[in-house]
Amino acid sequence: MSINDTQEELIEEFGLFDDWADKYEYLIDLGKKLPGLSDEFKTEENVIKGCQSRVWLHAFMQDGKLIFQADSEAVIVKGLISMLIRVLSGHSPADIMKADLYFIDRIGMSQHLAQTRSNGLLSMVKQMKNYALAYSSKA
């Protein structure tokens with residue numbers, strides 16, 4: 001699936017819920033389903049700066065695709081990073097760098113997250129795109 005196909009899928013899933021309490025529950029469920037990150041990758045260099053809660057992001061190349069793994073101490077934040085992983089992981093660094101992540105606005109995350117969480121979400125996106133940039137220069 002393309003990045004945009006996955007974004008459309010997420011928009012559709014969140015569209016099933018009428019109120020934000022249900023959408024937050026779904027976000028929490030997504031976070032609970034995110035596989036944990038091995039302790040060897042929970043290092044200071046993998047911590048995303050700018051997030052209120054600690055978030056670790058690990059990236060590696062596999063068959064020309066960039067793979068992301070992450071974890072967080074906060075379950076809502078885990079839900080946010082799990083959506084980003086779902087959308088971006090498994091694509092080429094070039095596709096990740098040029099991706100327009102419109103799903104964040106379309107499902108209403110920008111308006112319904114606290115300012116600190118919104119800033120953290122932007123920091124996660126920035127770090128994932130930075131990894132893509134770094135790996136694209138190695139390709």
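User: In this predicted model, is Arg86 buried, partly exposed or exposed?

Analyst: Buried means under 20% relative accessible area and exposed means over 50%, with partly exposed in between. The relative accessibility of Arg86 is 29%. Arg86 therefore counts as partly exposed.

User: Which side chain meets Arg86 in a salt bridge at 2.7 Å, N to O?

Analyst: A salt bridge needs a side-chain nitrogen of Lys or Arg within 4 Å of a carboxyl oxygen of Asp or Glu. Arg86 has a partner at 2.7 Å, N to O.

User: At what angle do the axes of α2 and α3 cross?

Analyst: Helix α2 covers residues 20-33 and helix α3 covers residues 75-88. Their axes come within 7 Å. The two helices are roughly perpendicular to each other, a term that covers angles of 65 to 115 degrees. The crossing angle is roughly 75°.

User: How many nonpolar residues are in the contact of α2 with α3?

Analyst: On the α2 side the contact includes Tyr24, Leu27 and Ile28, and on the α3 side Val75, Leu80 and Arg86 are among the residues met. Three residues of this contact are polar and three are charged. The nonpolar ones number nine.

User: Which residue in the turn between β1 and β2 has a positive phi?

Analyst: Strand β1 (residues 55-62) and strand β2 (residues 65-72) run antiparallel and are joined by eight bridges. Met61 stands opposite Leu66 in β2. The two strands form a hairpin with two residues between them. The turn residue with a positive phi, about 55°, is Asp63.

User: Is Asp71 buried or exposed?

Analyst: The side chain of Asp71 meets that of Lys42 in a salt bridge at 3.2 Å, N to O. Asp71 is in strand β2 and Lys42 in the loop between α2 and β1, 29 residues apart. Lys42 has 30% relative accessibility and therefore counts as partly exposed. At 8% relative accessibility, Asp71 counts as buried.

Definitions and conventions
Residues are numbered from 1 along each chain as its sequence is written. This is a predicted model: local features need pLDDT of at least 70, side-chain atom pairs count only at pLDDT 80 or more; totals for chains, interfaces and linings use all residues. Side-chain values use heavy atoms; hydrogens and water are left out. Axes are lines fitted to C-alpha atoms, for helices over the stretch in contact, and angles run from 0 to 180 degrees between N-to-C directions. Helices (H or I, at least four residues) and strands (E, at least two) are DSSP runs, numbered from the N terminus. Angles under 35 degrees count as roughly parallel, over 145 as roughly antiparallel, 65 to 115 as roughly perpendicular and the rest as oblique. Contact means heavy atoms within 4.5 Å. Ala, Val, Leu, Ile, Met, Phe, Trp, Tyr, Cys and Pro count as nonpolar, Asp, Glu, Lys and Arg as charged, and the others, Gly among them, as polar. Two strands pair if DSSP finds at least two bridges between them. Buried means under 20% relative accessible area, exposed over 50%, partly exposed in between (1.4 Å probe, protein chains only).
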